[in-house]
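This briefing covers how the parts of the complex meet, first within one chain and then between chains. A few backbone details follow at the end.

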Amino acid sequence: MRRTQVQARLNGADVDFLCEPRQSLLEILRDELGLTGTKEGCSNGNCGACSVMLNGRLVNACCVLAVETDGADILTIEGVADGDQLHPLQQAFLEEAALQCGICTPGFIIAAKALLEREPDATEERIRYWLAGNLCRCTGYDKIVKAVQRAGVQMKGSAS
Amino acid sequence: MTAAEKPSYRVIGTRPIRPDGVEKVTGKALFGADARPAGLVYGKVLRSPHAHARILSIDTRAAEAFPGVLAVATARDLPAASDEVQALGETAVNLKELSDNVLASDRVLYRGHAVAAVAAASVHVAEEAARRIRVEYEPLPVVLDVREAMLDDAPLLNERLLTRSMGKTISDRPSNVASKVQFVGGDVEKAFAEADAVVERHFTTKMVHQGYIEPQTATVQWNPDGEITVWATTQGAFACRGQLAEVLRRPASTIRVIPMEVGGGFGGKTPVYLEPVAAILSRKSGRPVMLTMSRSEVFEATGPTSGTSIHVKLAASGGRLTAAQLDLAYEAGAYPGSSVSAGAMTMLAPYDVENFKIDGYDVVVNKPKTAAYRAPGSPAAAFALEQAVDELARAIGADPLAFREASSSREGTRMVNGMPFPRIGHEECLRAAMESAHYRSPIEGPNRGRGVASGYWFNAGMQSSVTVAVNTDGTVNLVEGSSDLSGTRASLAMQLAESLGIEYSQVRVTVADTDSVGHNDVSGGSRTTFATGLAVHQAALDIQQQMRTRAAKLWGCAEDEVVYEAGSLRCTTDEAKTLTFAGMAAQSARTGGPINGRASLLARGAGGAFGTHIADVEVDPETGKVQVLRYTAVQDVGTAIHPAYVEGQIQGGAAQGIGWALNEEYYYDDDGRLANASFLDYRMPTALDLPAIDTVIVEVPNPGHPYGVRGAGEVPIVPPLAAIANAIADATGHRFSDLPISPRRIVETLHHLE
Ligand code: FES
Ligand code: FES
């Protein structure tokens, strides 16, 4: 099948890759670019394990065709920490024990980041609503919600 | 136990950050589908569109000729397997059936049954080629319901299947009933005749899936010299290797299983499905091959837990339970081996019931072969029993928790198999529930109700091996082989630090491949922190002993004059002679070479455990929606090594149980087609569906473990089904005896009542 060249920004650096029209962004990230931190749980938009930021919007990478990302700015879990400085969300997930198996964790961190950057004061109800697109089968969500609240407090503190 | 009796620990009971945490929050941790061996290609499995059919022929020529295809596999590529049974943690598998389940040879027994597979440079090419395989089927009649499958004229899945019981064949004509279990005690008839109150009711539950977020995936490289490497997402690398060795007829030593991080298992990642197929494709193509299931394949073709049909009759006299007559029929799926015997054994465990008769049936139906799912067999049994117990408590006007306490099992109570319980903590759980702020707060408002329920799980022991290398700088490397599904690296490293008297930060822990550590049974049965923890403790004692021997030599004293205490050695006859753990470690080379501790054991003394849950719900009679307003889970864990992860296990188990109670089910049409094989339609709870789940950790130490560990992972899924159903009964005045208690069922039922 004919492949198309795509140029994009990925985690702050320029990338280019070749892709078939039928390949999803998730497939390209994981299989072509070696960024396996973005996870696949369903490949049809129902679990949020593949959450990434695309031009500042939260999307499921399994539902985005890679050819659509020409010229786009993409952020994946690999781009969340600043060098060896963990993002407050990553730190909070560790301290609140907000992961068990960890397969959902990258998706939750990306999704929560998208929320907190706009609404660091998000209430528990709001957090639960926002994160309803991400499935976790291990934790029952309580510790995830607490971690997001804790990170929100921290992000607000460092912003002011 | 009171606070005064509780031993004080340095590390146990603290909440350190887990060793694998940073990798998992930064996306660096490598799960099953993240394996990338050089030259990797991908495959796709072709599955049966029929729930029951004979395979007349398979023509793979068009697929083989398809551009880009590297190999095609069918059951003809598998050696014939023997009819022997291998223990797989909490369940056992017959290897012939395992082989047929991996790739069907002559007959498909459920929709989604694997028939053939293709490897190609891309998964898209493999998929296109797989569609070109021609399979000729002769469809056969389908049986889906467990009670229908038990009827004399039901379509048979296996014309050679005779019912077995206690190792003996007990039927002379084939049926779908693979086995029968029975437990009898006392005089049931008499007890019912003399009872103050009797309750009798029939319950059903549907198949439900573990719902792990990571689909099954396997990557295998078969080298021309016969050496096989497997990158697996499995609850047990050794069980994976064992099954693979048997299905492929290869010596175990030629297979190396590398355990990748596991994205959830809950019992479902103990059987192999894809590994043997990927192995065949790799052998034929000469390339490492990765097979990954789509979500619908996971639902259709991996083991969910049984749908059940359970009849309960209970009696109370003098304010307590006196008799139980129970009949349990569990769907095994396509091949025998449901969890009915565990259901039959756990069902009455919370109570001291003198008179009982329990019958259990393991029944094959045209659905996927069931696998373990968290406390397999127990949640459905508790759903039935704990609702009947609730009804009985109401009938005699007793508080539901007080009635349970009056009937409770305790140390010495005989289980239905005649064995007496060792020290257990059901009464402690009930009391903690009664004293909880939740239970003491009133529940008010229209359409609101409260329910409680208890549940039991055995918890397992089984085999573990670990090694601990002492480094000369005083740090240690713990090498273990228990798949870490939930933070067990932390709970094991903490026990090692406690036992050696060193800091948690000085322990580095690795889950090793099957070439690099001794045998370990699966991470299942809530056994890892208990049994591998026991091995870790023994390895620490081994190190202590080696250090004492060396110190005695250094100091010129007798070995029994050297004590190891709180991370230091000292001589009891000469106070000036002391050495820290790090000090001794630094001298290894001068005192006899490297210090390595090791332990391999079959863990005895597993501590069964109980939980009691309290649920408050509000039912909307118009829409049928059930809102869980408040939820508290009380559980005896023995000792919580890392309380945060224990809480997480309890919350996660409760969440799965709530989903099972309210929404989750395998929804089949009459032809055996699963109509909801996606996360959209098989609706698991989201963050929005659940309240914060409060946990109350009860610690009644297990006498069979140096730190009192019982295990935590499975008990919490046992009570929620009944706790929610009891709350709904309280809210609506109607008892729902069929799961799930979905909005549709509620609206239809309540509407019908009016
Ligand atoms: S993998 Fe994209 S939403 Fe599930
Ligand atoms: S931690 Fe396992 S799915 Fe969320």
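**Domain contacts and the chain interface**

About 1,200 Å² is buried between domain 1 of chain B and domain 2 of chain B, with carbon and sulfur atoms giving 64% of that area. On the domain 1 side, Ile641(B), His705(B) and Tyr707(B) lose the most area to domain 2 of chain B, together 39% of what that side buries. The model is predicted, and the predictor gives the complex an ipTM of 0.98 and a pTM of 0.97.

**Confidence**

- The average pLDDT of chain B is 96.
- In chain B, 97% of the residues score at least 70.
- Where pLDDT is low, predicted coordinates should not be read in detail.

**Domains of chain B**

- The domain assignment of chain B gives domain 1 as 425-457 + 607-753, and domain 2 as 462-603.
- The C-alpha centres of domain 1 of chain B and domain 2 of chain B are 39 Å apart.
- Domain 1 of chain B puts 16 residues into the contact, and domain 2 of chain B puts in 14 residues.
- Between domain 1 of chain B and domain 2 of chain B there are zero salt bridges, but seven residue pairs are in polar contact, both residues being at pLDDT 80 or more.
- The side of domain 1 of chain B that touches domain 2 of chain B is made up of seven nonpolar, seven polar and two charged residues.

**Domains of chain A**

- For chain A, the domain assignment gives domain 1 (4-78) and domain 2 (88-159).
- A distance of 22 Å separates the C-alpha centres of domain 1 of chain A and domain 2 of chain A.
- Domain 1 of chain A and domain 2 of chain A each give 13 residues to their contact.
- The area buried between domain 1 of chain A and domain 2 of chain A is about 1,000 Å², and carbon and sulfur atoms give 69% of it.
- On the side of domain 1 of chain A that touches domain 2 of chain A, strand S3 (residues 51-54) of chain A gives the most, with three residues.
- That side of domain 1 of chain A divides into seven nonpolar residues, five polar and one charged.

**Interface of chain A and chain B**

- Chain A gives 44 residues to the contact between the chains, and chain B gives 57 residues.
- About 4,100 Å² is buried between chain A and chain B, 58% of it from carbon and sulfur atoms.
- Leu94(A), Gln100(A) and Arg137(A) are the residues of chain A that lose the most area to chain B, together 20% of what that side buries.
- Between chain A and chain B, 23 residue pairs are in polar contact, both at pLDDT 80 or more.
- Five helices of chain A give two or more residues to the side that touches chain B: H1 (25-32), H2 (88-95), H3 (105-118), H4 (124-130) and H5 (142-159).
- H2(A) supplies the largest share of that side of chain A, five residues.
- By class, the side of chain A that touches chain B holds 18 nonpolar, 12 polar and 14 charged residues.

**Salt bridges**

- Over all chains, the count comes to 59 salt bridges.
- Six salt bridges are counted between chain A and chain B.
- In one salt bridge, Lys39(A) pairs with Asp34(B), and the closest N and O atoms are 2.4 Å apart.
- In another, Asp31(A) pairs with Arg36(B), with the closest N and O atoms 3.0 Å apart.
- This second pair crosses between chains, from Asp31(A) in helix H1 of chain A to Arg36(B) in the loop between helix H1 (21-25) and strand S1 (41-47) of chain B.

**Backbone details**

- Most residues other than glycine have a negative phi, and most peptide bonds are trans.
- Asn55(A), a residue other than glycine, has a positive phi, near 50 degrees.
- Asn55(A) is placed in the loop between S3 and strand S4 (57-60) of chain A.
- The peptide bond that joins Leu739(B) and Pro740(B) is cis, with omega about -10 degrees.
- Pro740(B) is in the loop between helix H19 (720-732) and helix H20 (743-753) of chain B.

Notes
Residues numbered from 1 in each chain as written. Chains lettered and ligands numbered in written order. Predicted model: local features only at pLDDT ≥ 70, side-chain atom pairs only at ≥ 80, totals over all residues. Heavy atoms only, no water. Contact = heavy atoms within 4.5 Å. Buried area = accessible area lost by both parts, 1.4 Å probe. Salt bridge = Lys/Arg side-chain N within 4 Å of Asp/Glu carboxyl O. Polar contact = N/O pair within 3.5 Å; in protein donor to acceptor, adjacent residues only side chain to side chain. Helix = DSSP H or I, 4+ residues; strand = E, 2+ residues; numbered from the N terminus. Nonpolar A, V, L, I, M, F, W, Y, C, P; charged D, E, K, R; others polar. Domains from an automatic or database assignment. pLDDT = per-residue confidence, 0-100.
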